[in-house]
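Here is a short walk through a structure, with a few stops along the way. Have the sequence and the model open beside you as you read.

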Amino acid sequence: MDSLPIWLSLKAKKAQIFGNGASAVSKATILNKAGADVVICAPYVSNDIALLIADGHASYRNCDYSNNTVFDSEIVFIATENAEYNSFLSNKAKKLGLLVNVVDCPSMSNFIMPAIIDRGSVVIGISTGGKAPVLAARIRAKIESLIPHQFGNLADFIDSFRLSVKKRI
């Protein structure tokens, strides 16, 4: 195991995403589900990003990926689809001690994202350490077919009894 799998609480914490393509939209969607305050930093707003903003799932900051780029979050996702920008932004953010994920580039990142199965309170992450994302996605698909959607509700139901059971033990 090359890295430690952890669940990071992002409730009401700012998360910056640099970029405005499909990868940025995907990261914004999952960060929003995790309760983060998502800020898209890009030179312009794409149609898909505009929809996220209109739905209240993200805000926008005009950013030209220069030395003037402001990092004011604890976690940064970089998805500019430009290797030079990705490298520049990654290095700058890491120098500030931020958590940095460059989409599809583990060597520029200080953390990686797993393939995720989300069943509400039951969340499963599958990772190959960034070595084989397609394999992780295939494993996720196999496991996903085994885990009913109601498992999250079951976990919530069990949790409602947890305190009373603890008192009896």
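Arg-119 lies in strand β6, which spans residues 115-119; helices here are DSSP runs of H or I with at least four residues, strands are runs of E with at least two, and both are numbered from the N terminus. Keep in mind that this is a predicted model: local features need pLDDT of at least 70, side-chain atom pairs count only at pLDDT 80 or more, and totals for chains, interfaces and linings use all residues. Residues are numbered from 1 along each chain as its sequence is written, and side-chain values use heavy atoms, with hydrogens and water left out.

Is Arg-119 buried or exposed? Arg-119 is buried (under 20% relative accessible area, with a 1.4 Å probe and protein chains only), yet it has no salt bridge (a side-chain nitrogen of Lys or Arg within 4 Å of a carboxyl oxygen of Asp or Glu). The nearest side chain of opposite charge belongs to Glu-144, 4.1 Å away; Lys and Arg count as positive, Asp and Glu as negative, while His and the chain ends are not counted. Setting aside residues up to four places away in sequence, Arg-119 touches Glu-144, Ile-147, Pro-148, His-149, Phe-151 and Gly-152 (contact means heavy atoms within 4.5 Å).

β6 runs antiparallel to strand β7 (residues 122-126), and 5 bridges join them; strands pair if DSSP finds at least two bridges between them. Ala-115 stands opposite Ile-126 in β7. Between the strands of this hairpin are 2 residues, and Gly-120 takes a positive phi near 75°.

## The parallel sheet

An open sheet is formed by 5 strands in the order β3-β2-β1-β4-β5, with parallel pairing. β3 (59-62) and β5 (99-102) are at the edges with a single partner strand each, so one side of each has no neighbour in the sheet.

Within the sheet, β1 (residues 14-18) pairs with β4 (residues 75-78) in the parallel sense over 4 bridges, and Phe-18 stands opposite Ile-78 in β4.

## The nonpolar core

The largest nonpolar core has 34 residues; such a core is a set of buried Ala, Val, Leu, Ile, Met, Phe, Trp, Tyr and Cys residues joined through side-chain atoms within 4.5 Å. Ile-17, Phe-18, Leu-31, Val-38 and Ile-40 have the most contacts inside it. β2 gives the most to this core, with 5 residues.

Beyond its neighbours within four places in sequence, Ile-40 is in contact with several residues, including Ile-17, Ala-28, Ile-49 and Tyr-60.

Technical notes:
Buried means under 20% relative accessible area, exposed over 50%, partly exposed in between (1.4 Å probe, protein chains only).
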